[in-house]
Each structure stands twice: as C-alpha cells, then as structure tokens.
Amino acid sequence: IEAIVRSEKFPAVDKALRNLGVSGVTMIEAKGRGRDKVITTSYVRGKWTWTTDVIHHVIVKVVVDASDSDKVVDAIAKSATTKKVGDGKIFVHVIERSVDISTGGADEHSLNPASGAKGAKT
C-alpha cells in the first residue's frame, strides 16, 4: 500500500498503523500539487518566472497481507484526512515477489525473517 499524505499527518498515520500491528513502514518526503493547483507565470525585467503552490507530503509505503489491506487503507484514510483538497491519495499494489537482502529469505519469508527463511544465516 502506498499513500501520499500531508507531512503534518504522518504522525497520526504512523500511530494508526502501529495500532494495527503494521511493523514495517517506509516514509519518503515529497512535494507535489494536484489538478486543482495553478502554475503562475510572469515576465518581469526580461525574465520569465513561475511559481506553483505545492503541498509538503510524505509517501508512506507498507506491505501487508491482502486480507489486511482494507483495514490498513481505512486506517490511513481516517488518520490522514483534513477534509481539504490536497489530503493525498492511497494506492494498493500487488507484490509479485520480495527478497530480504540480509537473510536471502524470499516472498513471505522476506517479510517475516523469524518464520524460517530459506538461506537465512544465523
């Protein structure tokens, strides 16, 4: 699940995910604008300038079992909303394969190395 949320809402989103038992969260700082924002251009003293109103966001990425995706999406949506334009978006993707770099565990073993990953070194 990948969610783009306002940066000031990240602590609430993180808390909601922790309350669900989601342990692994990746957060990436980003800036962006939606279709409602306008780019303003002006020509002053022989130079073109442009400005755009961007909103500071974070991209939150979590990998969860498909059976948990609805409750995770719901938790993110409820904890991230300000009920204003620019609150963000949530995308749900299917993960075809995953590998834990440190243990070599693949697929479900890469998400929970304690479950006996093949190739894991002790």
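The chain folds into three helices and six strands, where helices (H or I, at least four residues) and strands (E, at least two) are DSSP runs numbered from the N terminus. Reading from that end, the order is β-α-β-β-β-β-α-β-α. This is a predicted model, so to speak of local features a pLDDT of at least 70 is needed, side-chain atom pairs count only at pLDDT 80 or more, and totals for chains, interfaces and linings use all residues. Residues are numbered from 1 along each chain as its sequence is written, and side-chain values use heavy atoms, with hydrogens and water left out.

On confidence: pLDDT is the predictor's own per-residue score, from 0 to 100. Its mean over the chain is 83, with 81% of residues at 70 or more. Where pLDDT is low, the predicted coordinates should not be read in detail.

Now the inside. Of the 122 residues, 25% are buried, meaning under 20% relative accessible area, while exposed means over 50% and partly exposed is in between (1.4 Å probe, protein chains only). The largest nonpolar core has 13 residues, and Val5, Val13, Leu17, Val60, Val62, Val72 and Ile76 touch the most other members. Strand 1, helix 1, strand 5 (55-61) and helix 2 each put in at least two residues. Such a core is a set of buried Ala, Val, Leu, Ile, Met, Phe, Trp, Tyr and Cys residues joined through side-chain atoms within 4.5 Å. Leaving aside neighbours within four places in sequence, Val60 has contacts that include Val5, Phe10 and Leu17.

| Helix | Buried residues | Packs against |
|---|---|---|
| Helix 1 | Phe10, Val13, Asp14, Ala16, Leu17 | strand 1, strand 2 (26-32), strand 5, helix 2 |
| Helix 2 | Ser69, Val72, Ala75, Ile76, Ser79, Ala80 | strand 1 (2-6), helix 1 (10-19), strand 6 (88-91) |

What sits on the face of helix 1 turned away from its buried side? The exposed residues Pro11, Lys15, Arg18 and Asn19 do. After helix 1 comes Gly21, with a positive phi near 90 degrees.

On helix 2, the face turned away from the buried side carries exposed Asp70 and Lys78.

Finally, among contacts between residues at least 6 apart in sequence, 63% join residues at least 24 apart.

Methods: Contact means heavy atoms within 4.5 Å.
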